[in-house]
Protein chains: 2
Amino acid sequence: ISSNNEYFYGIKKEWPLVDHTEGQLFLNDTFKIIMEEVLCKGTDIKHKVCEWKEPKELALLLDLELRATGEPQHRLLQRVQDVAKYSIKTSHPRFMNQQFGGVDYHALAGRFLTEALNTNLYTYEVAPVFVLMEAEVLRGLRQLVGWTEGDGLFCPGGSASNMYAMNIARYQHFPEVKSQGLCGLPRLNIFTSSDSHYSVKKGAAFLGIGTDNVIIVEVDEGGRMIPDDLDEKITLAKSQGAVPFFVSCTSGTTVRGAFDPLDLIADVCEKHKLWMHVDVSHPVYNTNPCLLTSFCCTVLDLLRKCHSANATYLFQQDKFYDLNLDVGDKSVQCSRKVDCLKLWLMWKAVGSIGFAERVDKAFNQARYLVEQMKKREGFHLLQEPEFVNVCFWFIPPSMRGKEGMADYQDRLAKVAPVIKERMMKQGTMMVGYQPLGNKVNFFRMVVFSPLLTQKDMDFFLDEIERLGKDL
Amino acid sequence: ISSNNEYFYGIKKEWPLVDHTEGQLFLNDTFKIIMEEVLCKGTDIKHKVCEWKEPKELALLLDLELRATGEPQHRLLQRVQDVAKYSIKTSHPRFMNQQFGGVDYHALAGRFLTEALNTNLYTYEVAPVFVLMEAEVLRGLRQLVGWTEGDGLFCPGGSASNMYAMNIARYQHFPEVKSQGLCGLPRLNIFTSSDSHYSVKKGAAFLGIGTDNVIIVEVDEGGRMIPDDLDEKITLAKSQGAVPFFVSCTSGTTVRGAFDPLDLIADVCEKHKLWMHVDVSHPVYNTNPCLLTSFCCTVLDLLRKCHSANATYLFQQDKFYDLNLDVGDKSVQCSRKVDCLKLWLMWKAVGSIGFAERVDKAFNQARYLVEQMKKREGFHLLQEPEFVNVCFWFIPPSMRGKEGMADYQDRLAKVAPVIKERMMKQGTMMVGYQPLGNKVNFFRMVVFSPLLTQKDMDFFLDEIERLGKDL
Ligand SMILES: Cc1ncc(COP(=O)(O)O)c(C=O)c1O
Ligand SMILES: Cc1ncc(COP(=O)(O)O)c(C=O)c1O
């Protein structure tokens, strides 16, 4: 890429590299495709949730290659159409593959506005509305959990939030770590349950603490951390010369949806003077990716002290407004996307009562699903669900009543992958499966979109039966 | 929030918590507001770039409070309107405050589609189109810099990319760091120039390396790292028992837009066997926030080895397709937003030639601006720009020719903040200022939106003169 003298100083007339009229027309047409393909067809049970293609075939269909010259608008619109067509319809009532799904139109409107405004959330100067709005949303969230004070910010996801928490806790224990690093410090230890999310280990590796220094605490039969085991492991770690500093509890574990007993764990943390962190990265519906995650701590100003770099090009001290409004130095990132608008608009639209109703509805649907499972042969629950995660095995007809057989577990382990392959290739629905500890592959249905009806639950069970009946 | 028995098992009829028709109507109306307020008025020089309000007044106007009950659609639309009205118009030709701005309609269309699809980029199963597309865009980017192989991924910003690079380099030097952490390792040293971005220090703190272990290398008069100083500081660090492992160079520094001499630095890195990282976080236009940033390394599979946690609930080994397509374990995050679509669509629209033309245009406008400055009294360049950053002082009439005065620098330092306050309160334009080293506050105009014309450059200079003529 080199500068071309022909164009120098406008000798050649200034050409419009971006034509607003043409551009807005294109955006308008794209919006229509989004409405039609993603939001109408994409949420309609008469249409598939996915259009499975083998990677090679899909690459050919999409013609992904990037070339030297551009393409005309109608080709580009066709591309928009293709991307929509072959992408998974995560708003579809049959998409139950992950811990997100469904669509909330107010949230989506907030997301479109966020993208169009293209704001960078670091100073009041460039983000006046969003600096104030983020503070208000965080206040509202704290209120939901009964806190009257605290600090926080939206981070790009639950993994990032967990890392922020570890870093803040480490800084509180050893403020010198910010300037001097871990070299010379004793070995630090983190505690979390065997059912916690893998981001705790990833975070520990990233922060230079190391995965071996994440001590795994045992869980009870429901997947909840056992406080006594935590206590013992902390004592053991101390006796071995390590410095325990952080306990990561989970409220709603990834697979089983279990809630660690926070009160009892708090006592243990209090006794040993450890930082207690609660990972509640279960997404508020339709906010993931970029999960709704606020990091809250009671120690005011710790976020800023821990992360500040005082860059003079952004956070000038001679500004004409209150510098506390320049929140950018609280985060590890520099540029930060606006994540509060979608939640704020949704909250304004339905109110806290509306949120409560949605949660109720999700719980009720989960209960309904469980009841129906119990009425059918072949569905075997992993455990009674504590939350909206319903984990179960499907036992195909040929295997029923043969639990005693030597290869039973091996055969059962192969059932979920085959049913999953079939549903994806037929595009009828998507649901996740995984093994856990010594439990072989089981399905995990996370029920939390308010769009889901009892009919959807019935379909879900029928479809698993249909896909697995010959296995 | 508690479950309510009244609704239990559908005793009360199933109520549609989300009404698709109503929701789509709302989205449609929001889209119209976005078009009108953000994209038409927001890019029109007849309208203001910002509507300055004091924080207290703005908070009142916006009525941010979150309540128990929801609001009717017309109130919500008014809120959308207000958010748009009081937000900074970053696409406006008079917004030159940061290193982003302008609007590209193809990129924006890609962003809307991304939001509507709400895809989580971790497995081929949920993100078939985007797994393939990201690989293609990264290939295209590598090709632009002349690399035939490598690995990479899109991260949420330049700061995150710099941290990824540090972590990978550390892992390459000491693979045991992933499991054992930094405890027991010697002190690690990072080298970067005094003009590099503050994210290098923030990253070092976050990764447990410590800001004191970021050794600052001197720059020449143009703001470029001095390779000889780097060489000497590496040798010195080694003699003091530290282990140098990482050099972070910058191609296009944040303030001055300087390019570190990569060839000479590469020789130094080669000699000492250090990892050489190049921070090119200058945004491709309209991609920030969530800057376009790909992390590339020549050592294939290092990303995966360094970051993998092998979570069985996402990355099952018994899937029915090629598991290399499940890219999620390469990242530190779990959920990852799709960042490639906007760039891919823009690239398809204009081609690499179109990118080159835009870069040319930006360079030409920057040169034009510099030429015009030289013709006017009162504009004093910090240096001849190497890139599209034009840094300058405005010397108000009352101070001209008085460089010898004792309080000259103190007075000059106060000029930019006052002009800045005035432009914001009048809403006529936005441009950034900062001090640097011993240089007092100067303006930094980053010219890179292809939307900018020579008329905009002339206006910029006229406006600075108008706002500062009485100082
Ligand atoms: C309990 C828990 N914590 C953390 C995470 C990670 O969040 P993210 O994917 O936003 O990084 C998840 C993701 O599923 C989770 O379930
Ligand atoms: C040279 C350089 N590196 C890194 C960054 C940080 O990037 P981000 O703001 O995306 O975190 C910036 C931001 O301005 C930058 O100019």
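**Confidence and interface**

Modeller: This is a predicted model, and in chain A the pLDDT stays under 50 over residues 1–16, a stretch for which the model has 26 contacts beyond four places in sequence. Where pLDDT is low, the predicted coordinates should not be read in detail.

Colleague: Over which other residues of chain A is the pLDDT below 50, and how many contacts beyond near neighbours in sequence has that stretch?

Modeller: Chain A averages a pLDDT of 89, and 92% of the residues score at least 70. Against that average, the pLDDT is below 50 over residues 285–300 of chain A, and the number of contacts that this stretch has in the model beyond near neighbours in sequence is 76.

Colleague: What ipTM does the predictor give the complex?

Modeller: For the complex, the predictor reports a pTM of 0.94 and an ipTM of 0.94.

Colleague: How much area do chain A and chain B bury between them, and which three residues of chain A supply more of the area it buries than any other three?

Modeller: In the model, 182 residues of chain A are in contact with 182 residues of chain B. Together the chains bury about 15,900 Å², with 65% of it on carbon and sulfur atoms. Of the area that chain A buries against chain B, 6% comes from three residues, more than from any other three, and these are A:Leu66, A:Phe206 and A:Phe320.

Colleague: How many salt bridges cross the interface of chain A and chain B, and which helix gives the most to the side of chain A that touches chain B?

Modeller: The rule finds 8 salt bridges across the interface, and the side chains of A:Lys420 and B:Glu125 meet in a salt bridge at 2.4 Å, N to O. Polar contacts between the two chains number 66 residue pairs. The side of chain A that touches chain B divides into 94 nonpolar, 53 polar and 35 charged residues, and the element that gives the most to it, with 22 residues, is helix α12 (residues 340–375).

Colleague: What relation superposes chain A on chain B, and which residue of chain A comes closest to the rotation axis?

Modeller: A rotation of 180° with 0.0 Å of shift along its axis superposes chain A on chain B, with an RMSD of 0.0 Å, and that is the relation of a two-fold axis. The same surface serves both copies, in that 99% of the contact residues of chain A recur in chain B. At 2.1 Å by its C-alpha, the residue of chain A that comes closest to the rotation axis is A:Leu207.

Colleague: How far apart in sequence are the parts that the salt bridge of A:Asp470 and A:Arg422 ties together?

Modeller: The closest N and O atoms of A:Asp470 and A:Arg422 are 2.8 Å apart. Because A:Asp470 lies in the segment after α14 (454–468) of chain A and A:Arg422 in helix α13 (residues 408–426) of chain A, the pair ties together parts whose separation in sequence is 48 residues.

Key:
Residues numbered from 1 in each chain as written. Chains lettered and ligands numbered in written order. Predicted model: local features only at pLDDT ≥ 70, side-chain atom pairs only at ≥ 80, totals over all residues. Heavy atoms only, no water. Contact = heavy atoms within 4.5 Å. Buried area = accessible area lost by both parts, 1.4 Å probe. Salt bridge = Lys/Arg side-chain N within 4 Å of Asp/Glu carboxyl O. Polar contact = N/O pair within 3.5 Å; in protein donor to acceptor, adjacent residues only side chain to side chain. Helix = DSSP H or I, 4+ residues; strand = E, 2+ residues; numbered from the N terminus. Nonpolar A, V, L, I, M, F, W, Y, C, P; charged D, E, K, R; others polar. Least-squares fit on C-alpha atoms with pLDDT ≥ 70 in both. pLDDT = per-residue confidence, 0-100.
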